[in-house]
Amino acid sequence: MAGLRVDFGLLLEPLGFIKVLEWIFSIFAFATCGGFQGETTLLVSCKGVINKTVTAAFAYPFRLNNVVFSAPDPKRCGGTWTDVYLVGNFSSSAQFFVTLAVLAFLYCIAALVVYIGYKHVYLQNSKFPLTDLAITVITAFLWLVSTFAWAKALADIKMSTGASLIPRIESCKAPGTTCRFASVTSMGTLNVSVVFGLLNMVLWGGNIWFVYKDTNLHNQSNRISPSPGIYPAQRGA
């Protein structure tokens, strides 16, 4: 291929090594969030039913307001049990986070191909490093925004699927009906996704400097800086 000069040694330099870490961590970010599936469980006692398990299964993208609990029995507690939905739609924050992770993953692949095979072309055309710098800055900022938005959404998801949901269920307030919270799927993987979001933010933010060093902005600043040890000649008295 014309212009191809493969050099895997660039992966040992900060610019290439950090890009590999960004690629890996982006995979973990969208995998731990986008692959989650869980359910919340209640124990319901009502007319003709004692401690019947009812469940509501939820998953990415966490449109909880579309998730309904199963009925305690075919007779629906003698007609007192109506459809019970979880509360909240957190799809925007979840999809923002996962979409950014996927786009970052794809960009890292493209950047690594350029770094390994076309670094000489990358350095010869000043537009490539500047474009890389702009994308790196924007992505670091988006990781900041998306991670904190997703962390807030995750806290709300835990509230919506935890024991605090029972007081909001009207069917549990019917005479002769009692509801007890049983369990909810552990959200440890979702907590990990937030951690990977923060790590991605740090990586992309720290990589700004190394990308900046390859731009003509850094080269210009070096050219206009006075060289140390060179001083104008002084005339004697």
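In what order do the three strands of the open sheet lie, and is their pairing parallel or antiparallel? This report takes up that sheet, then a helix pair and the nonpolar core, in a predicted model.

## The sheet

The strand order is β2-β1-β3, and the pairing is antiparallel. The edge positions are held by β2 (49-59) and β3 (178-184). Each of these has a single partner strand, so one side of each is left without a neighbour in the sheet. From one strand to the next, the twist averages 20°.

Six bridges join β1 (residues 37-46) to β3 in the antiparallel sense. Thr-40 has Val-184 in β3 as its bridge partner.

## Helices α1 and α3

Helix α1 covers residues 14-34 and helix α3 covers residues 91-117. Their axes come within 8 Å and cross at roughly 150°. Angles over 145 degrees count as roughly antiparallel, and α1 is therefore roughly antiparallel to α3. The crossing of α1 past α3 is left-handed.

Sorted by class, the residues in the contact of α1 with α3 are 20 nonpolar, three polar and two charged.

## The nonpolar core

The largest nonpolar core has 45 residues. Those touching the most other members are Leu-42, Phe-58, Phe-62, Phe-69, Leu-86, Trp-143 and Trp-150.

Two or more core residues come from each of the helices α1, α3, α5 (127-161) and α6 (188-212), and from the strands β1 and β2. Helix α3 gives the largest share, seven residues.

Definitions and conventions
Residues are numbered from 1 along each chain as its sequence is written. This is a predicted model: local features need pLDDT of at least 70, side-chain atom pairs count only at pLDDT 80 or more; totals for chains, interfaces and linings use all residues. Side-chain values use heavy atoms; hydrogens and water are left out. Two strands pair if DSSP finds at least two bridges between them. Helices (H or I, at least four residues) and strands (E, at least two) are DSSP runs, numbered from the N terminus. Axes are lines fitted to C-alpha atoms, for helices over the stretch in contact, and angles run from 0 to 180 degrees between N-to-C directions. Angles under 35 degrees count as roughly parallel, over 145 as roughly antiparallel, 65 to 115 as roughly perpendicular and the rest as oblique. A crossing is left-handed if the near helix is turned anticlockwise from the far one by less than a right angle, and right-handed if clockwise. Ala, Val, Leu, Ile, Met, Phe, Trp, Tyr, Cys and Pro count as nonpolar, Asp, Glu, Lys and Arg as charged, and the others, Gly among them, as polar. A nonpolar core is a set of buried Ala, Val, Leu, Ile, Met, Phe, Trp, Tyr and Cys residues joined through side-chain atoms within 4.5 Å. Buried means under 20% relative accessible area, exposed over 50%, partly exposed in between (1.4 Å probe, protein chains only).
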